[in-house]
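This report looks at strand pairing and at backbone angles in one protein model. The sequence and the structure come first.

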Amino acid sequence: MSTTSPRASTARPVSPARPVSPVEAVSLPDPYPFYAHLVAERPFARDEALGAWVAADAAAVRAVLGSEALRVRPPAEPVPAGIVGTPAGEVFGDLVRMTDGPVAARLKAVVAEALARADTARAARSAARHTREVLAAGGEVPYEELMFGVPARVVAELAGLTEGAGREAARAIGDFVQCIPASATPAQQRAAATAAARLRELLTPPLEGARAGRSARAGDAPASGLLFELVNAADRHSWPHLAPLLSNAVGFLSQTYDATAGLIGNTLVALARGAAAPDTPGAVEALVREVVRHDAPIQNTRRFAARSFVHAGSEVEPGQQVLVVLAAANRDPAVNPDPDALSPGRVNPAVFTFGAAAHRCPGEELAVALAGAVVTELRTAGLSTTATPAYRPLANARIPLL
């Protein structure tokens, strides 16, 4: 079994400033020289210190994300042991982003269709309004609330929650997402279980109302919104089960949380570093889309081998795992010319941040709309941030401390 798959000698030979792992790199001030080293020298290789294979270049990342031999969870542990039998475990086990197989694929089609019909213009207007309200309170700019709270509150609003319930949901989702990383502590898992139970309580009435509105056109049941689209899609796909829909309604909030926060923060940092973006919605959107590639809010993900997987002469054996460095593949010069340049309006860029194949995240348009609206309002208010932030010590999300 080979343990490395060297790249062709035409790739740029970049050496890292110091030895780091792809997980440590996420929170570095500039991880991209290290990623370039991986792409050039170790595009698909075994990292014994991590106990995992690392896929770094575009070819390896595409192959890994597209392989049916690899799963999003360890086959022997579909739900983290610490949350099995809790509300958090029940939600986790239904999330389409965390499950594989034909049933999951069928549910994924329902969820993806609902998100594809999300009213992104309404989401942008709501995000702009919430941002103005937060800024109107005065004092030090509350970047935490703008990056995390505002997007979650907007998605809660799209799901049919009232303003008060939306604020509560935004707080609860911050606790729930703590159970997702493998590093979650027992205390975080307990908090996630409590949060998941409350989120289901908050989301059940609008989901049932949306279903009633779809089946019976009952009373004043909601006639539009994200959950209405979810039950519509479920009907079109003959999906009968309510509980997984409820879990994935929680998933709408959780997928918004870290990824959109990182996208907002990294776009603000790009502007502080001199990125050009005229004050037009189209220009800001183009910048946000390029930041998705250039400084990805989600830098890596993992896959687990259910059976043997071979790429470029290297074999991943059943039971082994692969760290998929999405941010490195985004800057692979084989698929993106001049990859280190921040170039809004790039033509047909290869972008891996939202995944690929069966587990491609369907929330990209919503995330871009939310981030663009928040960034636009901050620019309109004349606010900026540092060009040299520290980053949260997270294993896969690149989120600046502003």
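The model is predicted.

In a regular strand, side chains alternate between the two sheet faces. Strand β3 covers residues 52-55: A52 and V54 point one way, W53 and A55 point the other way, and all are buried.

β3 pairs with strand β2 (residues 44-47) in the antiparallel sense, over four bridges. Within this pairing, R46 stands opposite W53 of β3. The hairpin of β2 and β3 has four residues between the strands, and G51 there has a positive phi near 70 degrees.

β3 also pairs with strand β8 (residues 321-325), here in the parallel sense and over three bridges. V54 has L323 in β8 as its bridge partner.

Which loop holds S238? S238 sits between α10 (226-236) and α11 (242-272). Its phi is near 55 degrees, a positive value in a residue other than glycine. S238 counts as exposed because its relative accessibility is 55%, and the cut-off for exposed is over 50%.

N348 is likewise not a glycine and has a positive phi of about 50 degrees. N348 lies in the loop between α13 (326-330) and α14 (364-380). With a relative accessible area of 70%, N348 is exposed.

| Residue | Phi | Relative accessible area |
|---|---|---|
| S238 | near 55 degrees | 55% |
| N348 | about 50 degrees | 70% |

Technical notes
Residues numbered from 1 in each chain as written. Predicted model: local features only at pLDDT ≥ 70, side-chain atom pairs only at ≥ 80, totals over all residues. Heavy atoms only, no water. Helix = DSSP H or I, 4+ residues; strand = E, 2+ residues; numbered from the N terminus. Buried < 20%, exposed > 50% of the residue type's maximum accessible area, 1.4 Å probe, protein only. Pairing = 2+ DSSP bridges.
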